[in-house]
Structure formats: structure tokens, C-alpha cells
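Hi,

Here is the model I promised to pass on.

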Amino acid sequence: YQGMDAFRRGDVSGSIAKFDASIPPRARAYLWQRGISYYYNGDFALGSRQFRDDVALTSNVLDVEEIVWDIACLLRLNKDTFPPPDMMSLPPGKKDRRPIMATVYSLFRGEATEHDLARAGHKGGPSEEFY
């Protein structure tokens, strides 16, 4: 929790150090929060690697957040290419269990618009509006 607390206080680089100190190196791939710290620290290649390692090692293959954060990292590395050709994707025929996240996923893949996202957010409850 120290890494998340440091991040909340605005100490992004300190949060990475706290995450690294909190778990053994072989378990760091499971710490997706560390990838968000990398993103906000400007370490986009490390952020992308963090999210990809997390998806590869966990059951998060149907969780859109890691894919979206990875796409965000890739876009910061190469702003001229959208959507990134090497972006992760959900397995064929699969979707996130949360309806709003299907639209978020499509938006970041270049298959939906911000208007589509706003419309989807207003269809559901507070959790959809959060996204």
C-alpha cells in the first residue's frame, strides 16, 4: 500500500521505489499499479512492459484496463501511429464483463468515438459514469 499512498500524494517516482521494495522482483509483473506510476513518470516503455507482463501472468486477459493503459503507453512512445500496430487485444470473441468497458476498449482501439463513450456512460449507473 505504500506505493499507492506515495502515488496519491503525488510522489510518482517514489511510488515506483515503494512498489519495488514491497515485493520480490519475480512477483513485480503482478503489480499493475506500478505500470500506472511508470506512465505518469514518463517511463512509457516500462509501463507498457508492466501491463503486458501482468496480462501474460495473470487471469486479467479479459480485463480492459491493462490493455487500455498499454495502448496509452504505446501512443506516448509513438504519437504518429493510431491505433498502435502492436497493441494488445482481447481474445477473439471475448469481452470485458463490464458493459461500459466494451466502449472504452473500442475507443482506445480507434473503433468508437468519445461521443459513443459518453452515451454508454449515461446508459448505466454510477460505475459506468465513473469511466
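This is a predicted model: local features need pLDDT of at least 70, side-chain atom pairs count only at pLDDT 80 or more; totals for chains, interfaces and linings use all residues.

Below is what came out of the analysis, from the overall build down to single side chains.

A bit of housekeeping before that. Residues are numbered from 1 along each chain as its sequence is written, and side-chain values use heavy atoms, with hydrogens and water left out.

Overall build

The protein has eight helices and zero strands, and from the N terminus on its elements read α-α-α-α-α-α-α-α. The C-alpha atoms fill a box of roughly 40 × 35 × 30 Å along the principal axes.

Of the 131 residues, 41% count as buried. Buried means under 20% relative accessible area, exposed means over 50%, and partly exposed is in between (1.4 Å probe, protein chains only). Among contacts with a separation of 6 or more, 45% come from residues 24 or more positions apart, a contact being heavy atoms within 4.5 Å.

Helix H3

Where is H3 (residues 32–40) placed, enclosed or open? Seven of its nine residues are buried, so H3 is largely enclosed by the rest of the structure. The buried ones are Gln33, Arg34, Gly35, Ile36, Ser37, Tyr38 and Tyr39. The cover over them includes H1, H2 (12–22), H4 and H5 (64–77). After H3 comes Gly42, with a positive phi near 85°.

Salt bridges

How many salt bridges does a search of the whole structure find? The search gives nine, where a salt bridge is a side-chain nitrogen of Lys or Arg within 4 Å of a carboxyl oxygen of Asp or Glu. Here are some of them.

- Asp5 and Arg8 meet at 2.8 Å, N to O. Both lie in H1 (residues 2–8), three residues apart, about one turn of the helix. Asp5 is partly exposed at 34% relative accessible area, whereas Arg8 is exposed at 60%.
- Arg49 and Asp53 have their closest N and O atoms 3.0 Å apart. They sit four residues apart in H4 (residues 44–57), about one helical turn. Arg49 is partly exposed at 45%, and Asp53 is also partly exposed at 26%.
- Asp20 and Arg28 pair at 3.7 Å, N to O, and Asp20 is partly exposed at 22%. Asp20, Arg28 and Arg34 are linked in a network of salt bridges. Arg34 is one of the buried residues of H3.

The spacing in the two helical pairs follows a general rule: an α-helix has 3.6 residues a turn, so residues three or four places apart point the same way.

Charges

The protein has 17 positive and 18 negative charges, and their mean positions are 3 Å apart. Lys and Arg count as positive and Asp and Glu as negative, without His and the chain ends; each charge is placed at NZ of Lys, CZ of Arg, CG of Asp or CD of Glu.

Cheers

Conventions. Helices (H or I, at least four residues) and strands (E, at least two) are DSSP runs, numbered from the N terminus.
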